[in-house]
Amino acid sequence: MAKPRVPLTALTMAALMLASCGGGGGSSTAGSGPVTVTPTPSPTPTPASCGLSAQQSFAKSVIDEWYLFPNDVATNVNPASYSTVQDYIDALVAPARAQSKDRYFTYVTSIAEEEAYYSSGSSAGLGVRLTYDPSTQRVIIAEAYEGAPALAAGIDRGTQILAIGTSAANLRSVADIVASEGTAGITNALGPSDPGVTRLLRISDAGGTRDVSVTKADYNIDPVSDRYGAKVITEGGQSYGYINLRTFISSANDQLKDAFLNFRSQGITNVVVDLRYNGGGLVATAELFGDLLGRNRAASDVFSRTSFRASKSANDETHNFTPSTQSIAPTRIAFIGTGSTASASELVINGMLPWLGTNMTLVGSNTYGKPVGQIALDKSECDERMRVIAFSTGNASGPSDYFTGLAPKIANSCAAADDLDYPLGDVREASVRAAIDFLSGQSCAAHIASASAGIAARNFAAAPAAPEMLMPADPRAAQRELPGLF
């Protein structure tokens with residue numbers, strides 16, 4: 001049964017979220033945390049209230065009321081033709097998806113799972129981000145998280161997974177898995193993310209080739225790594241700030257403030273902002289990030305705009321820069337991005353563009369292209385959260401339309417590889433090297449050429465030459481925000 005609705009308010013708007021899109025049949029998030037709709041009081045769940053028909057009815061009512069593109073919703077879609085609520089939602093928003101406005105951004109998920117992630121980065125599994133290179137059929141670790149099983153077992157960035165099994169007797173090579181099952185076979189071979197699930201991995205790194213048994217566990221993702229998340233790089237008599245934000249969650253706020261306070265105390269005005277794997281998250285954290293980059297901005301200067309459909313325009317909001325004691329006044333910024341850089345990450349980059357112009361650049365490859373976000377409406381008696389595209393984002397120059405990525409908006413972008421042979425934050429790593437070169441006044445060898453790269457980033461068929469993040473067909477909340485997470 002559809003529930004009563006409450007309007008968004010100025011208080012709840014700060015909880016809007018932006019996030020990335022999952023691959024395959026998956027989805028992406030950008031919506032609101034506390035911006036939820038629940039029955040009052042919440043009824044005791046019954047088969048009728050949590051059955052497929054009731055869930056489909058709820059989804060349809062949410063789309064009818066809040067969907068950002070009401071003219072791009074399919075009509076005459078028969079819910080009886082679909083066996084899951086997600087398939088029904090996909091059919092309703094197919095016209096918008098065909099125009100790249102909603103690439104599986106509208107979906108249902110678990111309330112409990114999502115709130116655990118956005119509050120503390122709660123997840124379960126190996127604690128790594130996996131890339132797959134179809135040209136070489138290699139699976140390589142892009143990043144490993146502190147406090148998670150893989151890093152504790154000696155698996156880190158640059159480690160290659162050669163084979164997967166549950167024991168030495170049934171190890172299968174990645175090439176054999178892909179040959180018989182495609183890339184989905186890699187996800188299947190790794191098994192569920194449940195704590196206690198154990199896999200034997202044959203890996204190769206600088207230490208040689210060996211078999212490692214890893215048992216999945218619960219862990220919290222640290223949004224700013226203690227190893228390389230925030231540092232000052234000194235080179236040629238100049239100092240540069242480096243900040244790598246993994247995800248926009250509330251536990252990142254104090255870490256960002258601490259990092260920028262350190263930059264400010266050392267007089268840092270040239271900054272590398274590494275968002276290469278950041279799929280998005282909380283708008284409030286993105287706004288904080290903008291404020292930390294806005295010490296020299298006036299109170300009337302616009303960082304971002306949030307715009308709803310015409311019938312919901314009372315919820316539109318503008319965020320002006322609000323500097324704090326930790327804020328810096330950047331002279332130059334080099335943003336590092338890839339096709340996994342989406343939503344809240346793109347909001348930060350786009351928000352700074354009108355104020356820095358050619359004094360900022362995008363290094364790496366084109367971003368994903370998601371200038372829209374979701375709100376959350378809950379059917380709480382069923383632990384069901386509906387994430388629906390309900391607003392667009394813009395900057396001081398007005399509305400934004402970077403559905404094919406931000407590279408076409410940044411004239412002096414700089415193409416660079418994501419060099420898995422070196423740690424993140426290392427000046428020898430290709431993207432960090434290009435970013436420091438830009439900050440020091442050097443010219444870029446090549447610009448990011450393809451406006452389609454952001455879209456292709458989640459489509460192996462469209463971009464067969466480049467390593468891309470692996471995504472399961474049905475991603476969890478954390479996997480939507482952190483493409484490639486296992």
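**Exercise 1. The disulfides**

Is C444 buried, partly exposed or exposed? Determine this for the predicted model, and then describe each disulfide of the chain.

*Solution.* 

Step 1. The relative accessible area of C444 is 25%. Buried requires under 20% and exposed over 50%, so C444 is partly exposed.

Step 2. The partner of C444 is C414, and the two sulfur atoms are 2.1 Å apart. About the S-S bond of C414 and C444 the torsion is about 90°, so this disulfide is right-handed. C414 belongs to strand β22 (residues 414–415), while C444 is in the loop between α12 (430–439) and α13 (453–456); the pair links distant parts of the chain, 30 residues apart. C414 counts as buried, with 7% relative accessibility.

Step 3. The count of disulfides is 2. The other bond to consider joins C50 to C382, with an S to S distance of 2.0 Å. Its torsion, for C50 and C382, is about -90°, so the disulfide is left-handed. C50 is in the loop between β1 (17–18) and α2 (52–66), and C382 is in the loop between β19 (372–379) and β20 (384–395); the pair therefore ties together parts that are 332 residues apart in sequence.

Step 4. For the accessibility of this pair, C50 has a relative accessible area of 23% and is partly exposed, whereas C382, at 18%, counts as buried.

Step 5. With the bonded cysteines numbered in sequence order, the pairing reads 1-2, 3-4.

**Exercise 2. Aromatic pairs and charges over rings**

How many aromatic pairs does a search of the whole structure find? Describe two of them, and then examine the arginines that lie over ring faces.

*Solution.* 

Step 1. The search finds 11 aromatic pairs.

Step 2. One of them is W66 with F308, whose ring centres are 6.3 Å apart and whose planes make an angle of 65°. Planes over 60 degrees apart count as edge-to-face, so the W66 and F308 pair is edge-to-face. W66 is in helix α2 and F308 in strand β15 (residues 302–308), so parts that are 242 residues apart in sequence are tied together. W66 and F308 are both buried.

Step 3. F105 and Y368 also form an edge-to-face pair, at 6.3 Å centre to centre with 65° between the planes. F105 lies in the loop between α4 (94–98) and β2 (107–110), and Y368 in the loop between β18 (360–364) and β19; this pair therefore ties together parts that are 263 residues apart in sequence. F105 and Y368 are both buried.

Step 4. Y368 has a further neighbour: R103 lies over the face of the Y368 ring, 4.1 Å from its centre.

**Exercise 3. Buried sites**

Why is helix α3 (residues 85–92) described as largely enclosed by the rest of the structure? Then identify the side chain that makes a polar contact with that of T247.

*Solution.* 

Step 1. In helix α3, 7 of the 8 residues are buried, so the rest of the structure largely encloses it. The buried residues are V85, Q86, Y88, I89, D90, A91 and L92.

Step 2. The buried residues of α3 pack against α2, α4, β2 and β20.

Step 3. T247 is in the loop between β12 (238–244) and α9 (252–265). T247 has 0% relative accessibility and counts as buried.

Step 4. The side chain of T247 makes a polar contact of 2.5 Å with that of Y117. Apart from its neighbours within four places in sequence, T247 is in contact with Y117, P223, A252, N278, G280, E481 and L482.

Terms used: Residues numbered from 1 in each chain as written. Predicted model: local features only at pLDDT ≥ 70, side-chain atom pairs only at ≥ 80, totals over all residues. Heavy atoms only, no water. Disulfide = S-S within 2.5 Å. Helix = DSSP H or I, 4+ residues; strand = E, 2+ residues; numbered from the N terminus. Buried < 20%, exposed > 50% of the residue type's maximum accessible area, 1.4 Å probe, protein only. Phe/Tyr/Trp six-rings, centres within 6.5 Å; stacked < 30°, edge-to-face > 60°. Lys NZ or Arg CZ within 6 Å of the ring centre and 35° of its normal. Contact = heavy atoms within 4.5 Å. Polar contact = N/O pair within 3.5 Å; in protein donor to acceptor, adjacent residues only side chain to side chain.
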